[in-house]
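Hi,

Here is the structure I promised to pass on.

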Amino acid sequence: MLQRLKLPVDLDGLAWRYANPAGANRRHHHAELELNLVTRGTGTYLLGNRHYQIRRGDLLWLFPTQEHVLIEQTFDFEMWIVVFRRRLVKRSATDPPSLPLQRRSFSGDTCRRLRQKDFSRFEELFAQLADTASEPGLLNAGLAYALLHAWKCFDRAGEVPTRSVHPAVERTAHLLLREENSYSLPQLARKVGLSPSRLSRLFKRQTGLSIVEFRNRQRMQRFLERFERGRDSGRQSTLLNAALDAGFGSYPQFHRVFRNVAGCSPAEYQRRQGN
């Protein structure tokens, strides 16, 4: 899915801190080059047919045509997200070592573990970038520096273990990420060419989640999107209506999944959000 980022026209990118207690998001890509720096907790990234277990200190590059999804994260998971418009990349990444940044995809590993000294510097740098969003000249200059310096530090960083995902697991994940999906396990198995038991075991081993857990995390994400959309528009949406609309079969099922994933009840989450 192509995600369109609504960046102000005078900015060459943005930096912001990501912390989502709900656990999952949609498979997507966008026109901008993206950088992620994990600052807390652990998570699981599915990038194409590669599977990364990420933790504090890991830096990931996400190129424009590379679909990616954070399929699991601990409740304390946080990371910096920095995006760079293509015009900035073309203008800045002109020296031979940085030319790969101009590509729309990248065939090598795009996740590495920074040295502690580099990690601490980038934490401070990204916080400064986030604080200068109202100063386009300063932010754009900082983004250009961050782009090139992050690539330089990435080049000397340590490798993060990764493994290729079985095509059937990748296909199953993509099917489950579709909002309209209602496939049963036997139906999924037929579509990807494996037996239900073989698919269940393989999916759990390679993603760390059962198919049921993976599906429920997508429902959680849809619930949050609908609930937040209703709040932002001023329309009152009950927890039950948003849960049913997100694909949960009943409120008890939703409540059980929510507490398991988010670590608190839906009502407690609602209070934390100021509702």
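There are eight salt bridges in the structure, which is a predicted model. One of them joins arginine 17 to glutamate 78, with 3.5 Å between the closest N and O atoms. Arginine 17 sits in strand S1 (residues 13-18) and glutamate 78 in strand S7 (residues 78-84), so this pair ties together parts 61 residues apart in sequence. Arginine 17 is partly exposed, at 42% relative accessibility.

Another salt bridge is between aspartate 58 and arginine 113, at 2.5 Å from N to O. This pair also links distant parts of the chain: aspartate 58 is in strand S5 and arginine 113 in strand S8 (residues 111-113), 55 residues apart. Aspartate 58 counts as buried because its relative accessibility is 0%.

Then there is arginine 115 with aspartate 118, where the closest N and O atoms are 3.5 Å apart. Here arginine 115 is partly exposed at 41%, while aspartate 118 is buried at 1%. Asp12, Arg87 and Arg91 are linked in a salt-bridge network.

On to the aromatics: the whole structure has 15 aromatic pairs. Among them is an edge-to-face pair of tryptophan 61 and tryptophan 151, 5.5 Å centre to centre with 70° between the planes. Tryptophan 61 belongs to strand S5 (residues 58-62) and tryptophan 151 to helix H3 (residues 136-155), so the pair ties together parts 90 residues apart in sequence. Tryptophan 61 is buried at 0% relative accessibility, and tryptophan 151 is buried at 9%.

Last, the surface: Arg171, Arg178, Arg190 and Lys191 form a positive patch.

Cheers

Definitions and conventions
Residues are numbered from 1 along each chain as its sequence is written. This is a predicted model: local features need pLDDT of at least 70, side-chain atom pairs count only at pLDDT 80 or more; totals for chains, interfaces and linings use all residues. Side-chain values use heavy atoms; hydrogens and water are left out. Patches are made of residues with over 30% relative accessible area and no salt bridge: like charges are joined within 9 Å, nonpolar side chains (Val, Leu, Ile, Met, Phe, Trp, Tyr) within 5 Å. Accessible areas come from the Shrake-Rupley method with a 1.4 Å probe; for residues, only the protein chains shown count as cover. A salt bridge is a side-chain nitrogen of Lys or Arg within 4 Å of a carboxyl oxygen of Asp or Glu. Lys and Arg count as positive and Asp and Glu as negative; His and the chain ends are not counted. The place of a charge is taken as NZ of Lys, CZ of Arg, CG of Asp or CD of Glu. Rings of Phe, Tyr and Trp (its six-membered ring) pair if their centres lie within 6.5 Å; planes under 30 degrees apart count as stacked, over 60 as edge-to-face and the rest as tilted. Helices (H or I, at least four residues) and strands (E, at least two) are DSSP runs, numbered from the N terminus. Buried means under 20% relative accessible area, exposed over 50%, partly exposed in between (1.4 Å probe, protein chains only).
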